[in-house]
Amino acid sequence: MSFLAELLTNKIVLSVLITYIVTGLFKLFFYYLGTEEWNFQVFFRTGGMPSSHIASVASMTSAIYYLEGVSNLFVVAVIVSSIVIADAIGVRRAAGKQAQVINKVVDEFRYFKKFRTRRLYELLGHTPKQALAGFVIGLIITRLIFMF
């Protein structure tokens, strides 16, 4: 069996890939509900409802648990997942809030011709609700994959 075939039939990879696709589709749907326009770039962007990063690490960690139980690999996955979740809710969310403030300051000083810059992307992190939604989706999809 080729490397690519082995990779794509691996339950961990399959779980994470399907989880990422499903959360991306949810992001598109929720973006459409809020703006009434389709923006397919939202699928790949950070931030938004639900968190695809958190869903992916929750999927990876739960898939490892289903395959190996409480093993050393599972413990490492829990640690990495905890770091990703803390980063998404804490650091990246704070950076997004700072980007909002900086964009407001730039907007106030637009009348200076020398002061030109592109707007910063503001939707970097996640609210606890977005994080929880991603976490639950990751667990549910992985469970469904391991049931079949």
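Start with a cut-off: a residue is buried under 20% relative accessible area, exposed over 50%, and partly exposed in between, using a 1.4 Å probe and protein chains only. By that rule, buried residues make up 32% of the 148 residues in the chain.

This is a predicted model, in which local features need pLDDT of at least 70 and side-chain atom pairs count only at pLDDT 80 or more, while totals for chains, interfaces and linings use all residues. Residues are numbered from 1 along each chain as its sequence is written, and side-chain values use heavy atoms, with hydrogens and water left out.

**Stop 1: the whole chain**

Show the chain as a cartoon. It has 5 helices and 0 strands. From the N terminus on, the order reads α-α-α-α-α. Helices (H or I, at least four residues) and strands (E, at least two) are DSSP runs, numbered from the N terminus.

Switch to the surface. The chain exposes about 9,700 Å², and carbon and sulfur atoms supply 69% of that area. Accessible areas come from the Shrake-Rupley method with a 1.4 Å probe; for residues, only the protein chains shown count as cover.

Now think in contacts, meaning heavy atoms within 4.5 Å. Take the contacts in the chain with a separation of 6 or more: residues 24 or more positions apart account for 66% of them.

**Stop 2: Ser 51**

Select Ser 51. Go to the loop between α2 (11-35) and α3 (52-68) to find this residue. Ser 51 counts as buried because its relative accessibility is 0%. Look at its side chain: a polar atom there lies 3.1 Å from the backbone nitrogen of Ile 54.

Next, display what surrounds Ser 51. Not counting residues up to four places away in sequence, Ser 51 touches Thr 23, His 126, Gln 130, Ala 131 and Gly 134.

**Stop 3: Ser 52**

Step along to Ser 52, which sits in helix α3. Its relative accessible area is 2%, so Ser 52 is buried. Draw the distance to Lys 27: the two side chains make a polar contact at 3.4 Å. A polar contact is a pair of N or O atoms within 3.5 Å; within protein, one must be able to donate a hydrogen and the other to accept it, and residues adjacent in sequence count only if both atoms are side-chain atoms.

Leaving aside neighbours within four places in sequence, Ser 52 is in contact with Tyr 20, Thr 23 and Lys 27.

**Stop 4: Tyr 20**

Follow that list to Tyr 20, in helix α2. Tyr 20 is partly exposed, because its relative accessible area is 26%. Beyond residues up to four places away in sequence, Tyr 20 touches Phe 43, Phe 44, Ser 52 and Ser 56.

**Stop 5: the aromatic rings**

Colour Phe, Tyr and Trp. The structure holds 9 aromatic pairs. The ring centres of Tyr 20 and Phe 43 are 5.9 Å apart and the planes stand at 85°, so this pair is edge-to-face. The pair links distant parts of the chain: Tyr 20 is in helix α2 and Phe 43 in the loop between α2 and α3, 23 residues apart. Phe 43 counts as buried, because its relative accessibility is 14%.

Rings of Phe, Tyr and Trp (its six-membered ring) pair if their centres lie within 6.5 Å; planes under 30 degrees apart count as stacked, over 60 as edge-to-face and the rest as tilted.

Move to Tyr 32 and Trp 38. This aromatic pair is stacked, 4.4 Å centre to centre with 15° between the planes. Tyr 32 is partly exposed at 30%, and Trp 38 is partly exposed at 49%.

Then select Tyr 65, Tyr 66, Phe 74 and Phe 146. Ring pairs link these residues into a cluster.

**Stop 6: Glu 36**

Select Glu 36, in the loop between α2 and α3. Check its backbone. Most residues other than glycine have a negative phi. Glu 36 is not a glycine, yet its phi is positive, about 60°. Its relative accessibility is 67%, so Glu 36 counts as exposed.

**Stop 7: Phe 135**

Finish at Phe 135, in helix α5 (residues 128-147). Phe 135 is partly exposed, because its relative accessible area is 32%.
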